2 protein chains.
Amino acid sequence: MSLAESLQRVIRDLEEAGGVAIVGMDGIVVEEQKRDAQIDLQVIGAEFSGLFKSAGTLSESVEFGAVSELMTTAERSVVILRRVTAEYFMVLVIRPDGNLGKARFLLRRAGSQLKTEL
Amino acid sequence: MSLAESLQRVIRDLEEAGGVAIVGMDGIVVEEQKRDAQIDLQVIGAEFSGLFKSAGTLSESVEFGAVSELMTTAERSVVILRRVTAEYFMVLVIRPDGNLGKARFLLRRAGSQLKTEL
């Protein structure tokens with residue numbers, strides 16, 4: 001399955017998903033799929049990569065180990081970041097009333113598929 | 001219900017919880033309850049308050065609005081932060097295999113109770 005197909009599958013299986021992308025730890029988007037054309041995954045990827053790195057550094061400093069997932073719930077969107085490899089993570093933007101359990105499951109499944117492609 | 005009682009209730013109702021605290025946005029712990037004596041909630045509160053603030057600034061910058069919750073999943077612990085008022089948030093540390101849905105529910109419930117006390 002190609003990178004684009006793996007991402008399309010997440011969007012297809014989760015109606016509340018606005019967009020999903022594979023992002024390098026440098027903040028640059030490798031591949032993206034959107035339902036909501038308004039969502040700028042380039043900007044979100046760039047901004048959230050910094051937050052993901054900060055969370056990782058912080059987690060190591062308090063001896064909780066490497067961070068595999070980060071989720072922020074805001075007024076208009078929930079953002080889930082999930083580490084795929086040392087160099088890449090996925091970012092998923094969903095509506096705040098979305099099914100977070102399903103979102104996390106789909107991201108985990110896509111991440112396992114993508115691991116072999118990246 | 002006192003601050004301590006609200007926190008005790010979270011710990012009591014969630015076996016996987018290692019500790020829970022009410023923390024000011026300045027990173028200072030107001031009240032804490034622990035099951036796992038090893039967990040240093042003072043340090044965690046101080047460190048994660050910075051991450052919570054960064055997430056809020058970032059979320060506003062991409063027009064997602066204020067962040068009410070942040071969750072990090074790491075190798076040895078999951079940390080959930082939940083905004084209670086403009087000045088205070090709660091931090092809950094649970095085992096990575098813990099029931100995250102229940103943890104989020106208990107934190108939401110405790111947050112509603114605490115809102116009137118803070």
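B:Phe89 is buried, with a relative accessible area of 0%. Keep in mind that this is a predicted model.

What kind of pair do the rings of B:Phe52 and B:Phe89 make? Their planes sit at 65°, so the pair is edge-to-face, given that angles over 60 degrees fall in that class. The ring centres are 5.3 Å apart.

Now for chain A. Over all chains, the count comes to two aromatic pairs. A:Phe52 and A:Phe89 form an edge-to-face pair. Here too the pair ties together distant parts of the chain, with A:Phe52 in helix H2 (residues 41-61) of chain A and A:Phe89 in strand S5 (residues 88-94), 37 residues apart. As for burial, A:Phe52 counts as buried at 1% relative accessibility, and A:Phe89 is buried as well, at 0%.

Here are the ring geometries side by side:

| Pair | Centre to centre | Angle between planes |
|---|---|---|
| A:Phe52 and A:Phe89 | 5.3 Å | 65° |
| B:Phe52 and B:Phe89 | 5.3 Å | 65° |

One more thing to check around A:Phe52: which residue lies over the face of its ring? That would be A:Arg83, at 5.5 Å from the ring centre. So A:Arg83 counts as a charge over the ring, with the distance cut-off being within 6 Å.

Terms used. Residues numbered from 1 in each chain as written. Chains lettered and ligands numbered in written order. Predicted model: local features only at pLDDT ≥ 70, side-chain atom pairs only at ≥ 80, totals over all residues. Heavy atoms only, no water. Phe/Tyr/Trp six-rings, centres within 6.5 Å; stacked < 30°, edge-to-face > 60°. Helix = DSSP H or I, 4+ residues; strand = E, 2+ residues; numbered from the N terminus. Buried < 20%, exposed > 50% of the residue type's maximum accessible area, 1.4 Å probe, protein only. Lys NZ or Arg CZ within 6 Å of the ring centre and 35° of its normal.
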